[in-house]
Amino acid sequence: MTEINVIVDGKQETGAVQDRTLLVHWLRDSLDKRGPKIGCDTGNCGACTVRWDGQLVKSCMVLAVQADGGTVETAASLSEEDGSLNRLQQCFKDHHALQCGYCTSGMLMTATDFLCSGEPVTEEATRRALKGNVCRCTGYHNIVRAIRAAAEETP
Ligand code: FES
Ligand code: FES
């Protein structure tokens, strides 16, 4: 076992993990972070997407020990300080951009990264940004609409 220290969603977390423990498993099983989902365990579906040291990663592709000393943000970090939905989350709600919700956390993380990139939020660019995230309910149309609406409402 290896002791790791990681700032997760703004809070310092410490734990002993096996060297083979995946970051997504540590987040979910030890820290009870239920945003990142396990959809494929092979880096294909994006359900486990988080930000690690400012970079978007699929947390099933990262060992927990690799994150030692770093910073991880999950979708739980996106809401406002008072716990209310942020603009993107509200747009997902308003535009019916989730059905079962299994992909939603990963979609929100990817969309947040895309919106912060400065790239024009065209339909084509939005769909391209989401290429690593699978929605099994195939609700892509409304997801794209929600992301574009969030961009339009940005002050
Ligand atoms: S569970 Fe990580 S990409 Fe699918
Ligand atoms: S809303 Fe069900 S997988 Fe996307």
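Which handedness does the crossing of helix 2 and helix 3 have? The crossing of helix 2 and helix 3 is right-handed. A crossing counts as right-handed if the near helix is turned clockwise from the far one by less than a right angle, and as left-handed if anticlockwise. The tour returns to this pair below.

**Before you start**

This is a predicted model, in which local features need pLDDT of at least 70 and side-chain atom pairs count only at pLDDT 80 or more, while totals for chains, interfaces and linings use all residues. Residues are numbered from 1 along each chain as its sequence is written, and chains are lettered from A and ligands numbered from 1 in the order in which they are written.

Helices (H or I, at least four residues) and strands (E, at least two) are DSSP runs, numbered from the N terminus.

**Stop 1: the two domains**

Colour residues 2-77 as domain 1 and residues 87-152 as domain 2. These bounds come from an automatic or database domain assignment. The C-alpha centres of domain 1 and domain 2 lie 21 Å apart. Domain 1 gives 13 residues to the contact and domain 2 gives 11; two residues are in contact if their C-beta atoms, placed from the backbone, lie within 7 Å.

Now select strand 3, residues 49-52: with 3 residues, strand 3 supplies the largest share of the side of domain 1 that touches domain 2. By class, that side of domain 1 has 7 nonpolar, 4 polar and 2 charged residues. Here Ala, Val, Leu, Ile, Met, Phe, Trp, Tyr, Cys and Pro count as nonpolar, Asp, Glu, Lys and Arg as charged, and the others, Gly among them, as polar.

**Stop 2**

An open sheet is formed by 5 strands in the order 2-1-5-3-4, with mixed pairing. Two strands pair if DSSP finds at least two bridges between them. Strand 2 (11-17) and strand 4 (55-58) are at the edges and have a single partner strand each, so one side of each is left without a neighbour in the sheet. On average, neighbouring strands of this sheet are turned by 40° against each other, direction ignored.

Zoom in on strand 1, residues 2-8, which pairs with strand 2 in the antiparallel sense over 7 bridges. Pick Val6 and look for its bridge partner in strand 2, Glu13. Then pick Ile4, whose bridge partner in strand 2 is Gly15. Strand 1 and strand 2 form a hairpin with 2 residues between them. In the turn, Asp9 has a positive phi of about 50°.

Look next at strand 5, residues 71-73: strand 1 and strand 5 run parallel and are joined by 2 bridges. Val8 stands opposite Val72 in strand 5.

**Stop 2: helix 2 and helix 3**

Select helix 2, residues 87-94, and helix 3, residues 104-116. The axes of helix 2 and helix 3 come within 10 Å and cross at roughly 125°. Axes are lines fitted to C-alpha atoms, for helices over the stretch in contact, and angles run from 0 to 180 degrees between N-to-C directions. Helix 2 and helix 3 are therefore oblique to each other; angles under 35 degrees count as roughly parallel, over 145 as roughly antiparallel, 65 to 115 as roughly perpendicular and the rest as oblique.

Helix 2 brings Leu88, Gln89 and Phe92 to this contact, and helix 3 brings Thr104, Leu108, Ala111, Thr112 and Leu115. The contact of helix 2 with helix 3 has 5 nonpolar, 3 polar and no charged residues. Helix 3 also lies across strand 3 and strand 4, at about 45° to strand 3.

**Stop 3: helix 5**

Show Met107, Ala111 and Leu115 in helix 3, which meet Ile143, Ile147, Ala150 and Ala151 in helix 5. This contact has 7 nonpolar residues, no polar and no charged.

Finish with helix 2 against helix 5: the axes come within 8 Å and cross at roughly 135°. This crossing is right-handed too. Arg87, Leu88, Cys91 and Phe92 in helix 2 meet Ala146, Ala149 and Ala150 in helix 5. The contact of helix 2 with helix 5 has 6 nonpolar, no polar and 1 charged residues.
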